[in-house]
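Thanks for coming, everyone. I have one structure to walk through today. Please take a look at it before I start.

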Amino acid sequence: NVMGVTEKIWGAFTSMIKLEDKVNRQSEAMKSQQAKIEDLAGRVIRLETRLDMLMQAATIKQLKG
């Protein structure tokens, strides 16, 4: 009967280790996704800035010419 208890404890222990590993992998995946989102947000900001500058330059050109 001690062997059955030991097996149950060992099973719970290995399940806990597997769960921790899964949580760690999910955490790393989320960090990677967050970094990609932040990179894309920065790229959009730069594109918006360039577009704004081009539109201002076009407006000035129209006023002059």
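Gly65 is exposed, because its relative accessible area is 92%. It sits in the segment after H1. Now pick out Leu47. Gly65 and Leu47 are 18 residues apart in sequence, and their C-alpha atoms are 27 Å apart in space.

One caution before we go on. This is a predicted model. Please keep that in mind throughout.

Now the overall picture. What does the secondary structure of the protein come to? The count is 1 helix and 0 strands. That helix is H1, covering residues 2-64.

Next, the dimensions. Along its principal axes, the C-alpha trace spans about 95 × 10 × 5 Å. Compare that with a globule. With 65 residues, a compact globule would have a radius of gyration near 11 Å. The protein has 28 Å.

What about burial? How many of the 65 residues count as buried, in percent? The figure is 0%. The cut-off for buried is under 20% relative accessible area. The protein exposes about 6400 Å². Carbon and sulfur atoms supply 64% of that area.

Let's move to Ser15. This residue lies in helix H1. Is Ser15 buried, partly exposed or exposed? Its relative accessibility is 44%, so Ser15 counts as partly exposed. From Ser15, look along the chain to Gly42. These two are 27 residues apart along the chain. Their C-alpha atoms are separated by 41 Å.

Now a patch. Which residues form a nonpolar patch on the surface? They are Trp10, Phe13, Met16 and Ile17. Together they have about 450 Å² of accessible area. Take Ile17 from that group. Ile17 lies in helix H1. Its relative accessible area is 42%, so Ile17 is partly exposed.

On to charges. The protein has 11 positive side chains and 8 negative ones. The centres of the two sets lie 7 Å apart.

How many salt bridges does a search of the whole structure find? The search finds 2. Let's take them in turn.

Here is one: Arg25 with Asp21. The closest N and O atoms are 3.0 Å apart. Now their surroundings. Arg25 is exposed, because its relative accessible area is 52%. Asp21 has 39% relative accessibility, so Asp21 counts as partly exposed. The line between those two classes is at 50%.

Here is the other: Glu28 with Lys31. Their side chains meet at 3.6 Å, N to O. Both residues lie in helix H1, 3 residues apart. That spacing is about one turn of the helix. Is Glu28 exposed or partly exposed? At 48% relative accessibility, Glu28 counts as partly exposed. Lys31 is at 53%, so Lys31 counts as exposed.

The predicted model has 1 helix and 0 strands. Trp10, Phe13, Met16 and Ile17 make a nonpolar surface patch. Arg25 pairs with Asp21 in a salt bridge, and Glu28 pairs with Lys31.

That's my tour. Over to you.

Technical notes:
Residues are numbered from 1 along each chain as its sequence is written. This is a predicted model: local features need pLDDT of at least 70, side-chain atom pairs count only at pLDDT 80 or more; totals for chains, interfaces and linings use all residues. Side-chain values use heavy atoms; hydrogens and water are left out. Helices (H or I, at least four residues) and strands (E, at least two) are DSSP runs, numbered from the N terminus. Buried means under 20% relative accessible area, exposed over 50%, partly exposed in between (1.4 Å probe, protein chains only). Patches are made of residues with over 30% relative accessible area and no salt bridge: like charges are joined within 9 Å, nonpolar side chains (Val, Leu, Ile, Met, Phe, Trp, Tyr) within 5 Å. Accessible areas come from the Shrake-Rupley method with a 1.4 Å probe; for residues, only the protein chains shown count as cover. A salt bridge is a side-chain nitrogen of Lys or Arg within 4 Å of a carboxyl oxygen of Asp or Glu. The radius of gyration is taken over C-alpha atoms; the globule rule is 2.2 Å times the number of residues to the power 0.38. Lys and Arg count as positive and Asp and Glu as negative; His and the chain ends are not counted. The place of a charge is taken as NZ of Lys, CZ of Arg, CG of Asp or CD of Glu.
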